[in-house]
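Let's take a look at the charged side-chain pairs here. Have the sequence and model open while you read.

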Amino acid sequence: MANFFFRFFRGGSSTEQQQNAQGTDAGSRRSSGLGELTRLLKGDEGLAILDLGPTSPTNITHFTELGHRVYNEDVLLASQSPDYKSKANDGTAGIDVDRFFAENLIFRDVKFDAVLCWDIPDYLAEPLVKPMIERIASVMNPKGYLLAFFHTKDAGPDSPYVRYNISGLDTLRLQRGPQFRLQRVFNNRHIENLFRDYASLKFFLARDNVREVLVVR
C-alpha cells in the first residue's frame, strides 16, 4: 500500500486548542450525497443502516422516521484503543490489524443496505483503511449504498475532525469532535481504487474542501 495514498501529513498539531474546541458547533453544510441517499432509501422500509461515526441521535431519528433500522459503530474511536497498539521489529509503532478486525465490525446476523462512512478513511491509521472498506463490502447487501466524504488537496493536517449530525434531508450540522489528526488526502483515482470491488461510484462537488462519493456495492 506504499503508493496507495495521494498525500500524507506528518508532524504535530495544536492538541490543546482542539481539546478546548471539542463539542462546539462548527456550522452546517449542504450534502448532495446525503440528499441522494435519502431519496434512494425513501421508497423502502425496514432497511438496515450502518453509521460508522459517533452515535448521533439526529442521525438515528432521520433514518428511523423513514422506517429503517440504524446500527452504530464508532470505528475511528475504537482504533485509538491501546489494546491495538503494536511495535514492528525495528521498534516503530504500529497497529495490530488482525486483532482489530477480530473484535470490530463483526455483524453475523445482519446485512446492510446503506453505510455512512463519513470521512473516516482520511483519519484512520493507514493499515486499517483498505481492510475496513473490504470488511464493509462483506457485510453489505448487493446494490447497497455507501456514503463517504474525502478532504481535497487544499485541506491541511490541522483540519478539525467533526461529527456529522443530520439536520435535514440534505443538510448536516457539524460538531467539533476529538483531536483526531487528518492522516492523508485521496485524489479521485485513489478513491476509485479504494472502492474497486464495488459496482459503481458517483462523485458530488462541494463548496468546501470535501468531496462526496456515493458508492454502490
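Start with Glu36: this residue is buried, at 18% relative accessible area (buried means under 20%, exposed over 50% and partly exposed in between, with a 1.4 Å probe and protein chains only). Keep in mind that this is a predicted model, where local features need pLDDT of at least 70, side-chain atom pairs count only at pLDDT 80 or more, and totals for chains, interfaces and linings use all residues. Residues are numbered from 1 along each chain as its sequence is written, and side-chain values use heavy atoms, with hydrogens and water left out.

Glu36 pairs up with Lys202 in a salt bridge, meaning a side-chain nitrogen of Lys or Arg within 4 Å of a carboxyl oxygen of Asp or Glu. Glu36 sits in helix 2 (residues 32-41) and Lys202 in strand 12, so this pair links parts 166 residues apart in sequence. Helices (H or I, at least four residues) and strands (E, at least two) are DSSP runs, numbered from the N terminus. Lys202 itself is partly exposed, at 42%.

How many salt bridges turn up in the whole structure? The search finds 8, including these:

| Pair | Closest N to O distance |
|---|---|
| Arg29 and Asp208 | 2.7 Å |
| Glu36 and Lys202 | 3.8 Å |

Lys130 and Glu134 both belong to helix 7 (residues 126-138), 4 residues apart, or about one turn of the helix. Lys130 is buried at 17%, while Glu134 is partly exposed at 39%.

Shared partners also join Arg29, Asp208 and Glu212 into one salt-bridge network. Within that trio, Arg29 is buried at 8% and Asp208 is partly exposed at 33%.
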